[in-house]
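Open the model in your viewer and keep the selection panel at hand. The tour goes stop by stop.

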Amino acid sequence: MNWTKQHPGWTMFGAMVGLLVFLWGMAIPLSAAPAPVGPAAQQFSEGARITVWLTLIAGSVGVVLGVLAGIGKLSGFPPLRWLCDFYVWLIRGTPLLLQILFVWLVVPSVMPAGVDLSDFACAAIALSLNIGAYNTECVRAGILAVPHGQVEAARALGLTQFETFVDIVLPQSMRVALPALANNLASLVKDSSLAYAISVVELTMVGYRVQAESYQPIPVFLTIATIYLILTTAFTTLTSALEAKLEVGQKR
């Protein structure tokens with residue numbers, strides 16, 4: 001932990017390189033394991049890569065949604081504020097599995113003719129909307145944590161309201177919200193497993209298929225749990241290093 005605080009840049013680099021090496025090299029040690037894990041090593045590797053892709057896409061879109069909806073919830077324009085409140089209320093009040101199934105069944109039917117959404121795209125949309133709602137409250141809390149005196153000082157120096165928000169409020173609010181956003185990202189790694197419900201061949205779906213063929217659930221799900229632990233550790237190490245880089249929680 002101390003090394004992470006002293007060398008956050010190297011820690012971030014090491015976490016990213018380690019994650020890439022693990023994703024593209026995990027099939028080698030897994031292939032040496034006894035059946036049913038060894039023969040399915042390549043399937044586990046491909047499933048883990050799909051899980052990471054879902055996490056990265058949904059996590060990135062979720063941050064953008066969280067920032068936009070967080071700003072909207074603090075807007076002085078009532079319809080926009082009500083819309084953002086409704087979005088957060090709806091997503092946080094319904095199960096993620098139901099949201100994934102809803103997007104999978106409804107969104108393709110309202111798309112223009114000739115536009116087909118894959119199962120992966122539907123899962124990414126649902127996961128993005130879900131984590132975006134949780135990120136909204138994190139961003140809103142971060143914005144409210146910025147001292148109002150800084151806003152007044154920026155306006156006194158001649159900055160417009162937009163410049164004040166972009167240059168003063170938003171950077172500080174994201175720094176405050178980063179630990180909570182990182183926690184949501186770690187949860188997203190595990191929540192992506194629900195994409196199996198719409199036939200996305202991610203890590204959990206691979207495990208279901210292998211155990212269904214072998215009738216040996218214990219070694220299969222122990223392997224899946226180990227892979228999830230490694231993925232989650234890589235993401236949390238990366239975000240912890242980013243927090244150290246930005247000196248989150250430290251007084252200057």
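In which helix do Glu-137 and Arg-140 both lie, and how many residues apart are they? Select the two residues. Both lie in helix H7, three residues apart, about one turn of the helix. Bear in mind throughout that this is a predicted model.

**Stop 1: the salt bridges**

Stay on Glu-137. Glu-137 forms a salt bridge with Arg-140, and the closest N and O atoms are 2.9 Å apart. Arg-140 is partly exposed, at 26% relative accessible area. Glu-137 counts as buried, at 17% relative accessibility.

Lys-73 is buried, because its relative accessible area is 16% and buried means under 20%.

Lys-73 forms a salt bridge with Asp-85, the closest N and O atoms being 3.3 Å apart. Asp-85 counts as partly exposed, at 31% relative accessibility.

Show the four side chains together. Lys-73, Asp-85, Glu-137 and Arg-140 are linked in a network of salt bridges. The structure holds three salt bridges. Side chains of opposite charge can pair when their charged atoms come close.

**Stop 2: the whole chain**

Zoom out and colour by secondary structure. The protein chain has eleven helices and zero strands. The C-alpha trace spans about 70 × 50 × 30 Å along its principal axes. Of the 252 residues, 40% are buried. The chain exposes about 13800 Å², and carbon and sulfur atoms supply 68% of it. Among contacts with a separation of 6 or more, 74% are between residues 24 or more positions apart.

**Stop 3: the largest pocket**

Select Leu-56, Leu-185, Phe-235, Leu-238 and Thr-239. Of the 27 residues that line the largest pocket, these lie nearest its centre. The elements that give two or more residues to this lining are helices H2 (8-25), H4 (41-73), H7 (119-145), H9 (161-191) and H11 (217-245). H4 gives the most, with eight residues. Colour the lining by class: 20 residues are nonpolar, six polar and one charged. The space in this pocket is about 520 Å³.

**Stop 4: the second largest pocket**

Move to Ile-143, Val-151, Gln-161, Phe-165 and Val-169. These lie nearest the centre of the second largest pocket, which is lined by 18 residues. H7, helix H8 (148-156) and H9 each give two or more residues to the lining. H9 supplies the largest share, seven residues. By class, the lining has twelve nonpolar, five polar and one charged residues. The volume is about 440 Å³.

**Stop 5: Ser-192**

Select Ser-192. Is this residue buried or exposed? Ser-192 is buried, with a relative accessible area of 1%. Its place is in the loop between H9 and helix H10 (203-214). Show its contacts. Beyond its neighbours within four places in sequence, Ser-192 is in contact with Thr-51, Leu-54, Thr-55, Leu-127 and Glu-202. Finally, draw a distance to Glu-213. The C-alpha atoms of Ser-192 and Glu-213 are separated by 23 Å, and the two residues are 21 residues apart along the chain.

Definitions and conventions:
Residues numbered from 1 in each chain as written. Predicted model: local features only at pLDDT ≥ 70, side-chain atom pairs only at ≥ 80, totals over all residues. Heavy atoms only, no water. 1 Å grid on protein atoms, 1.4 Å probe; cavity = no way out; pocket = protein on both sides within 12 Å on 5 of 7 lines; lining within 4 Å. Points joined across faces, edges and corners; volume = space filled by probe spheres on them. Helix = DSSP H or I, 4+ residues; strand = E, 2+ residues; numbered from the N terminus. Nonpolar A, V, L, I, M, F, W, Y, C, P; charged D, E, K, R; others polar. Buried < 20%, exposed > 50% of the residue type's maximum accessible area, 1.4 Å probe, protein only. Contact = heavy atoms within 4.5 Å. Areas by Shrake-Rupley, 256 points an atom, 1.4 Å probe, with all protein chains shown as cover.
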